[in-house]
Amino acid sequence: MSVKQISVFLENRPGALHDMTKALADGNIDMRGLSLAETSDFGIVRLIVDDVFGTAEVLKDAGFVSSLTDVTAVEVPNVPGGLNRVLEVLDAAGINIEYMYAILGNKKSESAYMIFRVDDNAKAASALVSAGVKIMGQEELSAL
Amino acid sequence: MSNYYQPEIETMPHEKIRELQNEKFLKQVRHAWDDVPYYRAKMQEKGLTPDDIKSMDDLHKLPFLTKADLRNAYPYGLMGRPLKDCVRIQSTSGTTGQRVVAFYTQHDIHIWETMCARAIAAAGGTKDSVVQVSYGYGLFTGGPGLNGGSHLLGSLTIPTSSGNTDRQIMFIKDLSATILCCTPSYAAFIGERMKEMGMTPDDIPLKAGIFGAEAWSESMRRDIEATMGIKAYDIYGLTELCGPGVSFECEDQHGMHINEDYFIAEIINPETGEILPEGSTGELVFTTLDKEAFPLIRYRTRDITSLTHEKCPCGRTHVRMTRLKGRTDDMLIIRGVNVFPSQIETVLINQGYPANYQIIVDRVNNTDTLDVRVEMTPEMFTDNLGVVNQRQAKLVDGLRSMLGLTAKVTLVAPKTITRSEGKAVRVIDNRKI
């Protein structure tokens, strides 16, 4: 089980990020999570949103290049060692993590949520599920 | 067999063409001497009279004409006929500074349109073709030239002129255009727009495109051919000589046949003016053979190419010039290295980037800098920073091995580089020298 992440290309210039958030705001897109990676020349914003395909359309219409990537969304118990436990499982299964970031849950949530970009989503999912770690589908994520 | 407009002339044996050229050449030199005082004075400076010119073998004795002469003689100084005999004026876009104004008699218009008719026929054009002319109409020679050629050939002509790209696509589709004529950068733009509209080559009836008025690369040709599902033919010309059609490609796509019954072509060393042997790369020089209003003897085009008389599979016997490497005006000298925009374009397309790019040259601390701005595309983008970085580095490597110098590559957002409906502005040179 994996979920869709949208990655957006941004030029490294003042206002580029704001142009994107404005397009998303105008398109009434609700963001669940965001992570930014940058070089001196350009940046890549990775987004978790409530409406993946709507977002892709909104971005395209506003002239942004974006791509969809399958990532694994994991519910991490909000206790010391929670994330460590998840990484232990992935490590044991030989899963390579390209990057990861935390996303927002709701205020009352007792869990944290992490997005993992791994080399093999299916393998990661089965390792996590058999170790009793909860992973999330698109709908659960949207419902957060 | 190839499709010709005038087979008897286009496939005339080489010796016959030489005879015809010789006869016309002597008349044209006489015409310039008698009717163009500016050129007579240039000949006199070299101590020449028409009697010194006994055949084409004496061509090398004659003085060159350059853009500077055109400027000095502006507007009427190079005319070979009184204004009352002229029927048309065309003018250049002035991309290289000075505007050229050329004059035509009815005869001059006719030979120009004849050359364009040959070019359209070489691209497969017949009475049954529907030719959409998306070159600009007006002072620019592109529109009027191809329009006239298409009429002579008897094709149905759609004079859309340039611009309004969605309407261009609508006409191609609804009116079943089979041949499209425009600049290569506009063809690429139309192709890009078609893709955006979700159209594939199967959705349009186009079979061929005749693209010229700017230098373009072989890889850009293949790109346009794939996007539109057509065969793309190069065409060459200069307003000074008439306009497009001076030379054109046949289905073999290996160089453009120069209409030798109307021009003599030479290749010279641009530094010394010395004539180079066939096959050498150098500056292209033309002598008109049949022009009334604007005869030009040994006119230096500043275009860099080479010539070959090698037999062409299409059956045409007229000499071929290779794809333009660029205009001496387009050539950039960066850190002492000669750079043509078409070289940069080749690297971009080979690596999957769009042909829409911009080259920014500047000078920082007395060193030239070269910045190539390239648009990011959905095909080249991924969520992985490392991969995007690697692709960028590969582009820098590719440019280094093509140009012999290091360029900075800047990836920019889509559509941020201005699209051109006519000649593209590829180079911004900010150096203050």
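Predicted model: local features only at pLDDT ≥ 70, side-chain atom pairs only at ≥ 80, totals over all residues.
Author: Local features need pLDDT of at least 70, side-chain atom pairs count only at pLDDT 80 or more, and totals for chains, interfaces and linings use all residues.

Reader: Which residues touch the most other members of the largest nonpolar core?

Author: A nonpolar core is a set of buried Ala, Val, Leu, Ile, Met, Phe, Trp, Tyr and Cys residues joined through C-beta atoms within 7 Å. Buried means 20 or more other C-beta atoms within 10 Å of the residue's own, placed from the backbone. Here the core has 148 residues, and B:I120 and B:I210 touch the most other members.

Reader: What is the strand order in the open sheet?

Author: Strands pair if DSSP finds at least two bridges between them. In chain B the order is β20-β19-β18-β21, with mixed pairing. The edge strands are β20 (408-412) and β21 (427-429). β18 (357-364) and β21 run parallel, joined by three bridges.

Reader: How many residues of chain B are in contact with chain A?

Author: Contact means C-beta atoms, placed from the backbone, within 7 Å. 16 residues of chain B contact 17 of chain A. α11 (385-403) and β20 of chain B each supply at least two residues of chain B's side.

Methods. Residues numbered from 1 in each chain as written. Chains lettered and ligands numbered in written order. Buried ≥ 20, exposed ≤ 12 C-beta atoms within 10 Å, placed from the backbone. Helix = DSSP H or I, 4+ residues; strand = E, 2+ residues; numbered from the N terminus. Contact = placed C-beta atoms within 7 Å.
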